[in-house]
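Visitor: I would like to learn how to read salt bridges in a model.
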Amino acid sequence: MPITIERFAWASELAARDLAAINRIHNASWAEWVAGERPMSDAAFVDMDRFSAPPERMERALARSADGDVVGWGLAYWRDDPGGATMRMFVDAAHRRAGVATAIGAALAETARAAGRMGINVEVAPSSAADAAVRSAEGFTGNLVIELNRTAVREIARDLLERWRDEGVAAEGYSLIAYDAPCPTDDLALEFIRAREVMNEAPRSEGVPESTYTVEELRAVEAAGTAAHQDWWNVGVRHDATGELVGISELYLPVNRPWMGFQGDTGVRPDHRGHGLGAWMKAVNHLRLADERPDVEWVQTWNATSNEPMLRINRALGFRAMQSFQAWYRPFTPLP
């Protein structure tokens with residue numbers, strides 16, 4: 001099928017007809033992955049797209065048919081640290097197996113290669129058309145399996161959360177610190193940045209580099225969250241003897257999807273594990289969520305199936321896998 005690939009900088013800059021088409025395709029894909037998934041409005045889609053900021057670079061492309069209709073779209077993103085790029089593509093069901101994803105992928109991969117990336121990482125649902133395409137392509141190697149997990153907020157037992165909170169308060173030598181973005185001081189922002197480095201020990205797909213932020217980069221992410229009409233709750237645990245933050249947990253709350261919250265990073269430094277600090281931080285955020293945001297029905301998070309310690313906490317909170325995705329990596333060299 002003849003198609004034309006067009007680049008676009010932001011979803012908000014698209015013509016209303018094209019934005020509606022891209023969002024329709026995106027919603028349809030999610031409905032295939034998660035039964036009963038509630039569709040996003042175009043405004044919510046624009047907000048989701050806005051939540052990217054330095055040091056992350058994102059390239060976007062759409063595919064247009066000969067009659068001018070948008071039949072697919074995709075994005076590739078990466079940080080400037082050495083490593084690969086991650087690619088995601090969405091194709092209208094009526095135009096699959098017609099070369100649409102291949103054309104989008106080739107355009108985005110070439111951009112990533114030109115930017116000095118080492119390869120491409122894609123995450124696909126097992127037994128899907130994308131899964132079949134990746135398995136039949138040359139050079140892809142499967143690695144991490146990632147679960148999309150959700151919990152029903154109203155079904156989490158409050159006595160469990162209160163017990164985790166109380167056990168955390170009773171943990172000798174630790175205290176809690178929290179803020180809602182933006183972080184009130186650069187010094188505190190730097191403390192959270194340093195504590196977040198523990199996330200580099202979590203399982204990640206091949207080609208995905210370690211990451212950290214400067215204070216300026218964190219401020220850019222905060223500004224992107226504000227532009228995306230999204231609240232960002234941060235909780236940390238301080239080791240009183242050293243004054244260091246040794247754990248962090250975060251929760252994102254998009255205004256234009258009031259039924260959904262997103263669990264971001266949660267991590268505790270290895271030398272401070274075994275004290276219930278991760279459960280403490282999550283309990284604090286979930287208790288606040290129940291008290292202050294009654295409209296939130298679900299909290300969503302992503303977990304590598306190999307990350308058993310975090311899965312254990314999440315399972316206790318009622319998180320269950322809604323879909324799994326296999327990560328596949330293809331280096332650009334020595335392939336042409």
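The dialogue below goes through salt bridges and their surroundings.

Guide: This is a predicted model, in which local features need pLDDT of at least 70 and side-chain atom pairs count only at pLDDT 80 or more, while totals for chains, interfaces and linings use all residues. Residues are numbered from 1 along each chain as its sequence is written, and side-chain values use heavy atoms, with hydrogens and water left out.

Visitor: How many salt bridges does the structure hold?

Guide: Side chains of opposite charge can pair when their charged atoms come close. A salt bridge is a side-chain nitrogen of Lys or Arg within 4 Å of a carboxyl oxygen of Asp or Glu. The structure holds 32 of them.

Visitor: Which parts of the chain does the salt bridge of Asp92 and Arg24 link?

Guide: Their side chains meet at 2.7 Å, N to O. Asp92 is in the loop between β4 (85-91) and α3 (100-114), and Arg24 is in helix α1 (residues 16-33), 68 residues apart. Helices (H or I, at least four residues) and strands (E, at least two) are DSSP runs, numbered from the N terminus.

Visitor: Is Arg150 buried or exposed?

Guide: Buried means under 20% relative accessible area, exposed over 50%, and partly exposed in between (1.4 Å probe, protein chains only). Arg150 has 5%, so Arg150 is buried. Its salt bridge partner is Glu37, with the closest N and O atoms 2.7 Å apart. Arg150 lies in strand β6 (residues 141-152) and Glu37 in the loop between α1 and α2 (42-50), so the pair ties together parts 113 residues apart in sequence.

Visitor: Which residues are linked in a network of salt bridges?

Guide: Glu6, Asp18 and Arg64 are linked in this way.
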